Structures are given as C-alpha cells and as structure tokens.
Amino acid sequence: MLIPIVKQIAIPYLLKIGAGKIGRVGKYLADKEMKKIAIIMGKSSLKLIEPKFSASLTENGVEVLSQTFTESIELSDIAHAAFALPYDTDAIVGIGGGKALDAAKYTAFLLQKPYICAPTILSNDGFCSPTSSLLVQKKRKSIKSKMPFGIVIDLDIIGASPANYIYSGVGDMVSKITALYDWKEAFNRGHEHVNDFASMISYNSLDLLFLKHSYDIYAMEFQRSLATSLTMSGIAMEVAGSSRPASGSEHLISHALDQISAEPKLHGFQVAIAAYLCAALQGNPNRDLLDEILDKTGFWELAAKDPINKTEFIEALKIAPNIKAGFYTILSEPDSFDRAIDLIENNGILRRMIK
Ligand SMILES: [Zn+2]
C-alpha cells in the first residue's frame with residue numbers, strides 16, 4: 001500500500017554561493033540573531049577557512065560556545081556529544097566534507113536547532129539533503145535528519161579543492177538521469193507516488209549545470225552551477241519526501257560497492273559509472289546526454305585511470321536489487337543481471353571503467 005503524502009517541507013532560508021563567502025559567515029549569523037554557536041568541523045578544514053572565518057565571527061559579535069573536530073560518525077557518539085553542548089546554543093555550524101557535515105546536521109536535528117553548513121568540497125548532494133549518512137553499530141545507514149537552515153559555499157575554497165571532488169559532484173548530478181527514470185517506472189508499476197514538482201526540480205538542476213555552460217570544470221561559473229545544482233537536488237528530495245529524485249538503481253550499485261569493496265571510489269565516480277550501465281538497461285532516452293557530459297568534462301578519461309574492480313562490481317550487481325526492500329528499479333527486472341554482465345564485457349566505455 002502506498003503511504004499517503006501529508007507533510008511539510010523545509011528549504012534553506014539562507015543561501016550564499018560565491019567567492020570569499022566564508023569571511024561573511026559571522027555577518028550572516030548575526031543578521032539572523034544567531035550569536036552563540038557550536039561548530040563541528042573536519043580537521044583539515046581549519047586551514048581552508050582561517051583566518052577569515054574567525055575574524056568574521058569576532059567582528060560581528062558571534063560567540064563560539066563549542067568547537068569540535070569530527071572523529072566519529074557513529075550515531076551514539078554524535079548523540080552523546082550533542083547533548084553535552086551548552087543549552088543556550090543558537091545554531092549548529094558544520095564545516096568540511098562529508099563526515100563533519102553529516103555529524104553536524106544530525107546534531108542540529110537532535111537538538112532541534114538551526115543548522116548552517118559550509119561545505120569545503122562539492123563531491124555529492126549530501127550537504128543539502130534531509131538525511132545524514134552515519135554509522136549505527138558500525139554499519140553505514142542513511143538516517144532521517146534535517147535540511148540546513150543555511151548553506152554557505154565559498155567558491156575560492158571549492159576552486160582550490162582537488163579536481164577529483166568536482167568530478168565526483170558531476171558524477172552525482174548525472175546519476176539523476178537514471179534515478180528519475182527508475183522513479184517514473186516505479187510509479188508506472190504502482191510502487192510509488194511521483195511528485196511532479198520534485199521531478200521538475202531535479203531535471204532543471206541538470207539543465208542548469210549542463211545546458212548553460214561549457215564543460216570546463218575548473219571555471220568558477222561551472223562550479224557555481226554545480227553548487228546550485230547539488231543544492232537543488234537535495235531540495236528535490238525534501239519536496240518528494242524520499243530520495244527518489246536523486247537516487248535510483250545507480251545508487252543501489254554504489255551502496256553495494258561501499259559495502260564490499262576493498263577500496264570504494266568516490267561516491268560520484270561509482271554512481272556515474274553505474275548510471276551509464278543502468279541507462280543502457282533502461283533504454284533511457286538521455287543516455288547519450290549522460291555519455292556526452294562524462295566525455296566532454298574529462299570524467300571518462302580520469303575514471304579510466306583508476307577503474308572499478310570487475311569482480312567487486314559484479315558482486316555489487318548481485319546485492320544491489322535487495323539493498324532497499326520494496327524499492328523498484330531497473331535492477332528489479334529478472335533479466336537485468338545477465339544484460340548487465342553482457343554490457344560490462346562488451347561495451348567499450350564500460351570495459352575501460354570496470355576492469
Ligand atoms: Zn548521490
């Protein structure tokens with residue numbers, strides 16, 4: 001039975017994307033009367049944001065009640081640390097890559113405080129999603145969390161980040177092509193509601209990135225669009241009330257790879273390669289677009305230098321359909337596994353990406 005849709009949506013109220021924005025965080029917080037904050041950050045982020053960040057807090061009279069570096073993303077550790085924070089904290093500020101932001105987001109959710117995030121890399125759409133990826137008794141789980149109240153993305157910091165992360169962000173964006181197709185097919189088979197608005201946001205986030213620009217991933221304008229597109233993808237999930245607009249068969253394969261690989265690749269690399277395969281299985285009309293983006297941005301060239309292990313990929317294909325119970329994707333079709341193996345053996349691109 002389908003679950004009726006009765007919900008409210010939360011979208012970021014404060015959204016700042018541009019060069020030098022980390023030096024404005026103090027002003028943004030003070031403008032919203034957030035004068036006492038707790039900061040949760042990645043250790044390597046400190047040198048990226050200082051001294052501009054601290055100066056902006058001091059100038060605007062924002063007091064740091066607590067500043068911690070994320071050591072663990074085990075849920076129980078985060079919960080203990082969260083409830084030890086001073087009671088009068090106005091907001092939680094998360095700074096860094098994946099782990100620090102997941103921990104900070106969940107802390108804000110537990111304490112029911114506004115959450116402001118400042119991602120230092122753009123490797124996936126997790127910074128703006130309504131879930132946190134945490135460990136529960138050492139197993140990675142996606143846990144209900146909260147949308148950020150504010151997002152501050154400093155393009156100077158993003159521009160100085162390793163290109164691998166930008167490519168991973170591009171890979172996470174192209175995976176919407178297969179995710180949206182799976183969602184529609186799940187609807188056609190009576191497994192899911194489709195939210196047209198969420199679907200439109202997700203499609204538009206792709207258009208925004210790839211119709212407007214050249215494919216130069218190093219250009220600041222490209223990175224600005226990538227930041228906006230990943231943000232919109234997160235908002236599409238919130239509007240839909242599920243991860244459907246951003247995550248389908250290709251994400252199932254990536255989750256399976258995370259579980260079994262000796263050395264999993266960056267999220268966006270795994271989902272993009274899986275998306276190329278799943279688009280072929282789906283007969284997806286946008287498969288050529290997906291290929292063109294990954295070709296022209298130089299993604300294929302880079303990914304080919306560090307291919308995914310073929311034995312692990314095939315193992316992941318076996319597990320993937322059962323990772324989320326009742327979640328229909330192209331991988332649920334009985335002939336998909338054999339067709340996928342045939343493509344891995346015979347498709348020119350897949351033979352370079354999976355070895
Ligand atoms: Zn993703």
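A: The domain assignment divides the protein into domain 1 (14-159) and domain 2 (163-353); such bounds come from an automatic or database domain assignment. The model is predicted: local features need pLDDT of at least 70, side-chain atom pairs count only at pLDDT 80 or more, and totals for chains, interfaces and linings use all residues. Residues are numbered from 1 along each chain as its sequence is written.

The overall architecture may be described before the part itself. The protein holds 17 helices and eight strands, where helices (H or I, at least four residues) and strands (E, at least two) are DSSP runs numbered from the N terminus. Its radius of gyration is 20 Å, close to the 20 Å that the globule rule gives for 355 residues, so the protein is as compact as a globular protein of that length; this radius is taken over C-alpha atoms, and the rule is 2.2 Å times the number of residues to the power 0.38. Along the principal axes, the C-alpha atoms fill a box of roughly 60 × 45 × 40 Å. Of the 355 residues, 50% are buried. A residue is buried if 20 or more other C-beta atoms lie within 10 Å of its own, exposed if 12 or fewer, and partly exposed in between, with C-beta atoms placed from the backbone.

Eleven of the 14 residues are buried, so helix 5 is largely enclosed by the rest of the structure. Those buried include Gly-98, Leu-101, Tyr-106 and Phe-109, and also Asp-102 and Lys-105. Among the elements that cover the buried residues are helix 4 (75-83), strand 2 (36-41), strand 4 (91-96), strand 5 (115-119), strand 6 (131-136) and strand 7 (139-144). Gln-112, which follows helix 5, has a positive phi, near 55°.

Glu-33, in the loop between helix 1 (25-31) and strand 2, has a phi of about 65° although it is not a glycine. Gln-137, in the loop between strand 6 and strand 7, is likewise not a glycine and has a positive phi of about 45°. Glu-33 counts as exposed because it has 8 C-beta neighbours inside 10 Å, and Gln-137 counts as exposed because it has 8 such neighbours. A further backbone feature is the cis peptide bond between Glu-50 and Pro-51, with omega about 5°; Pro-51 lies in the loop between helix 2 (46-49) and helix 3 (52-59).

Finally, the two domains meet. Their C-alpha centres lie 27 Å apart, and 16 residues of domain 1 are in contact with 23 residues of domain 2, a contact being a pair of residues whose C-beta atoms, placed from the backbone, lie within 7 Å. Strand 8 (150-154) and helix 6 (155-159) each supply at least two residues of the side of domain 1 that touches domain 2, and helix 6 gives the largest share, three residues.
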